[in-house]
Amino acid sequence: MDQRRAGSELEIVVDGQRVRVAPGISVAAALFNLDILSLRESVSGAPRGAVCGMGVCFECRVTIDNSPHQRACMIAVVDGMNICTAGNS
Amino acid sequence: MTAGAEMLIADVAVVGAGPAGIAAAVCAAERGLRVVVLDRALEPGGQIWRHVNSGPVPQIARQWLARLDKSGARIMPGTSVVDASADASGFQIIANSLGHAQIVRTTSVILATGAREMFIPFEGWTLPGVMGIGGAQALLKSGASFSGKRVIIAGSGPLMLPVAAALASGGAKLLLVAEQASLPAVARFAVELWKTPTMLLQAAQYRARFLSTPFSTGTWVTAAHGAGRLESVTVTNGRRTWREPVDILCSGYGLIPNIELAQLIGCETRDGCVFVDARQRTSIGNVLAVGETTGIGGAPLSLVEGEIAGMTVGSTQSPSAILLRRRATFQASARRMFDAFAPRAELRALPAAETIVCRCEDVTYGSVQRATCARQAKLYTRAGMGPCQGRTCMPGLEFLLGWHSDTVRPPIEPATVSILSSGVADNASSAFASNSCVGDVF
């Protein structure tokens, strides 16, 4: 079993809600596991989610700790992280 | 140079830390060369050896990663190349390294930029819940659980097998694997597999893990439906068309080489691949290219190409006959196999006029169809001008409309002005010193 999975859970905040997630996983994976598929709004206001999973498509942009346009697939969750899925068009 | 930009001097800069880049870096560093590896991901391994939560890391990956650790090569994780230019003394690379400017001055460059997934737009493909096949694999490897989710994999290519196996093993309710290629085309692929028994065995092992799911050839998804997120898809085999309720659709049409950095440096490309000679040298002196960027061939071929480049870069030494023979064997089998999965003509009818093709700028198919080339579409509709710089939509549009890829200009990744200006002289950069974004990307 992966050591990171065996570690204790982290607490992060997603759209104002405190949630517990597995350590060592990406922000995109954490949100997927919370069944949050819509990660941002497109320039015309449509919901969008992760597509390429490897940092190419920029569809999974979220706001992390007040820093907008962060690719959820390229960043690992950190205890206390604050993630917002509104905006980022 | 802007304050805060770090400068590294190297003999060899390797861009990309998948199997090809790792092998190149290891072999060059073991010769005593100063090697810097710039990799976008947080850990080396590339997509194929990405390993969080996805079960055991393959033995060969562990061996190469351990060798990389000991080689003396300096790994720069979380580092995307933004610009690269040649001058009299070599090359200057400007990169965004975890938000900071990183400059690398190097004598030689080895491009190991890998590949990305090819997408063809269809109605509803922008709904959350529709993702790439490699995209699903990457999410899975970074800790996503598909357990209990109803999943359809639809598209083309050998990547569907391991992803189907991994999703089924992870508890997903895999409803259908739809391969658009015809049965004869897939049979040709299978015949190639017979020549490489280890790959045949691997394919059989993958299939065994999703035996209860139908694997349908000549079948493809024409539309995705849902309010705010995916709820169902329309599937067709050309004779019959039906709806399938589903939570996740994985859709992709094989892999395409990432050639943007090579194009920026001026390397010759042929058929969408960086053109190299027997020693992995590109058309630009002291620039080599290895792995998928030179043509889709898989990890074994990438490793051999990386070894050849790492052993010969900066020297007049010829690669060993053993390596050259191994490369020839892998090239012959791997690259022919991938040709079996060319997208069928019917897929050109997938997008409707109102279907969004450029996901960054929400540009519809109807509006880009009026353009005569990629450049004109960019100028008049903004298609391909968003943060992904056309990497997601343009290969699909090239397939749909017969366009050729446009030229590449810096920055090749979104970057702040402070990072972009890090490569110019003090007096010039001070005028740009801000954190605003340029390139009209956000």
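Predicted model: local features only at pLDDT ≥ 70, side-chain atom pairs only at ≥ 80, totals over all residues.
Q: How many residues of chain A are in contact with chain B, and what area is buried between the two chains?
A: The size of an interface is often given as the accessible area lost when the parts come together. Here 37 residues of chain A are in contact with 44 residues of chain B, where contact means heavy atoms within 4.5 Å. The area buried between chain A and chain B is about 3300 Å², and carbon and sulfur atoms give 57% of it; buried area is the accessible area (1.4 Å probe) that two parts lose on being put together, summed over both. A:Phe32, A:Val51 and A:Met54 supply 20% of the area that chain A buries against chain B, more than any other three residues.

Q: How many salt bridges does the rule find across the interface of chain A and chain B?
A: Side chains of opposite charge can pair when their charged atoms come close. The rule asks for a side-chain nitrogen of Lys or Arg within 4 Å of a carboxyl oxygen of Asp or Glu, and across this interface it finds 5 salt bridges, whereas the count over all chains comes to 21.

Q: Where do A:Asp35 and B:Lys149 lie?
A: The two residues form a salt bridge whose closest N and O atoms are 3.7 Å apart. A:Asp35 lies in the loop between helix 2 and strand 3 (40–41) of chain A and B:Lys149 in the loop between helix 3 (133–141) and strand 9 (150–156) of chain B, so the pair joins two chains; helices (H or I, at least four residues) and strands (E, at least two) are DSSP runs, numbered from the N terminus. A:Asp35 is partly exposed at 36% relative accessibility, whereas B:Lys149 is buried at 14%, given that buried means under 20% relative accessible area, exposed over 50% and partly exposed in between (1.4 Å probe, protein chains only).

Q: Is A:Arg71 buried or exposed, and which residues does it touch?
A: A:Arg71, which lies in strand 6 of chain A, counts as buried at 17% relative accessibility. Not counting residues up to four places away in sequence, A:Arg71 touches A:Gly55, A:Phe58 and A:Cys60, as well as B:Arg40, B:Ser80 and B:Glu413.

Q: What order do the strands of the open sheet in chain B have, and which strands stand at the edges?
A: Two strands pair if DSSP finds at least two bridges between them. In chain B, an open sheet of 5 strands has the order 8-15-9-10-11, with parallel pairing. Strand 8 (130–131) and strand 11 (215–217) stand at the edges, each with a single partner strand, so one side of each is left without a neighbour in the sheet. Strand 8 is joined by 2 bridges to strand 15 (residues 248–253) of chain B, and B:Val130 stands opposite B:Leu249 in strand 15.

Notes
Residues numbered from 1 in each chain as written. Chains lettered and ligands numbered in written order. Heavy atoms only, no water.
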